[in-house]
Amino acid sequence: MSDQSENLQTVKVWDLPTRLFHWTLVALMIAQWLTAENSSTMDYHLWGGYAVLTLILFRLIWGFVGSDTVRFRDFVRGPAAAIDYAKALLRGETPLYLGHNPMGAWSIVAMLVLLLVQAGTGLFANDDILIEGPLYGWVSKSTSDWLTAIHKFNFNLLLLVIAVHIAAVLFYLLVKRENLVHPMLSGRKHLPANVITTVPRMVSPWLGLAVLGIAAVVVWLVVA
Ligand code: HEM
Ligand code: HEM
């Protein structure tokens with residue numbers, strides 16, 4: 001045991017923009033859920049929705065220009081890799097990764113797609129009384145009703161995938177004894193030296209701020 005801990009090395013795996021993205025998204029999702037409950041908080045729901053849309057756009061761009069561990073090219077692997085990974089888990093092994101594991105990668109892609117659908121359909125939604133998304137006027141009432149139905153149904157899918165996401169994190173913590181939450185807070189993992197084949201390149205947080213700015217301008221141009 002002491003041998004293993006002596007061989008552990010600390011490596012930075014999540015850049016600051018990705019960590020801020022993650023925890024802001026969690027807070028906003030809770031806010032979106034609460035503000036969707038009644039019409040008096042719908043104004044906040046729309047503003048929160050723009051913020052979610054900005055974050056998702058940020059993350060999509062960040063997947064191309066961000067640090068090595070968050071680039072789609074780096075962490076999205078084919079279904080075979082995910083199946084191999086699942087088999088290894090079933091054998092009781094715990095393959096270690098600097099960034100996302102191949103199964104986690106798919107749940108992240110699923111969450112990003114569902115979040116985009118959620119925020120995208122919200123733009124056209126209406127509540128039959130007072131509230132309309134900013135792009136309501138672009139479509140007919142029946143199309144808006146249809147998109148509103150998707151907005152409501154898709155939220156349940158999102159809850160399901162988020163539940164699986166949180167269950168996976170808890171599984172790692174309790175069964176595999178690997179804390180993934182701490183790295184999402186601190187940015188650092190402690191891994192055996194042989195897992196760190198290359199130290200991931202971290203890009204400047206200022207680039208993250210610039211990308212966030214671009215995402216915010218795009219959303220503003222769409223909804224203003
Ligand atoms: C990811 C972000 C979002 C989440 C999680 C979310 C969630 C929800 C949920 C659960 C409802 C259903 C409330 C009910 O059962 O009546 C709802 C309704 C609604 N949402 Fe969102 N929403 C999001 C983004 C947006 C955006 C971006 C807009 C518009 C700019 C929007 C506009 C609306 C409207 C107008 C309704 C009213 C539909 C109705 O109650 O009939 N939402 N949202
Ligand atoms: C609204 C709820 C949540 C959403 C939508 C969400 C979404 C995401 C996304 C998109 C990522 C990928 C990060 C990236 O590469 O940009 C991620 C990773 C992660 N999330 Fe969440 N998350 C949620 C809640 C939570 C909670 C409550 C926890 C802690 C208990 C958590 C822990 C983590 C961890 C540890 C990772 C990194 C996983 C890894 O090491 O591969 N998430 N999450």
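Predicted model: local features only at pLDDT ≥ 70, side-chain atom pairs only at ≥ 80, totals over all residues.
Now the overall picture. The C-alpha trace spans about 65 × 40 × 30 Å along its principal axes. Of the 224 residues in the chain, 22% are buried. If you take contacts with a separation of 6 or more, 72% of them join residues 24 or more positions apart.

Let's turn to one helix pair. H5, residues 79-90, packs with H6, residues 102-122, at an angle of about 125°, and their axes are 7 Å apart. Angles from 65 to 115 degrees would be roughly perpendicular and those over 145 roughly antiparallel, so H5 is oblique to H6. Who meets whom? From H5 we have Ala-81, Ala-82, Tyr-85 and Ala-86, and from H6 Pro-102, Met-103 and Trp-106. This contact is made of 7 nonpolar residues, with no polar and no charged ones.

H6 comes up again at ligand 1, so let's go there. The ligand is surrounded by 23 residues, and the closest are Gln-32, Ala-36, Gly-49, Gly-122 and Asp-127. The elements giving two or more residues to this shell are H2 (16-35), H3 (42-65), H6 and H7 (141-174). H3 gives the most, with 5 residues. By class, the shell around ligand 1 has 12 nonpolar, 9 polar and 2 charged residues. Thanks, everyone!

Note on methods:
Residues numbered from 1 in each chain as written. Chains lettered and ligands numbered in written order. Axes fitted to C-alpha atoms, helices over the stretch in contact; angles between N-to-C directions. Helix = DSSP H or I, 4+ residues; strand = E, 2+ residues; numbered from the N terminus. Parallel < 35°, antiparallel > 145°, perpendicular 65-115°, else oblique. Contact = placed C-beta atoms within 7 Å. Nonpolar A, V, L, I, M, F, W, Y, C, P; charged D, E, K, R; others polar. Buried ≥ 20, exposed ≤ 12 C-beta atoms within 10 Å, placed from the backbone. Near = placed C-beta within 6 Å.
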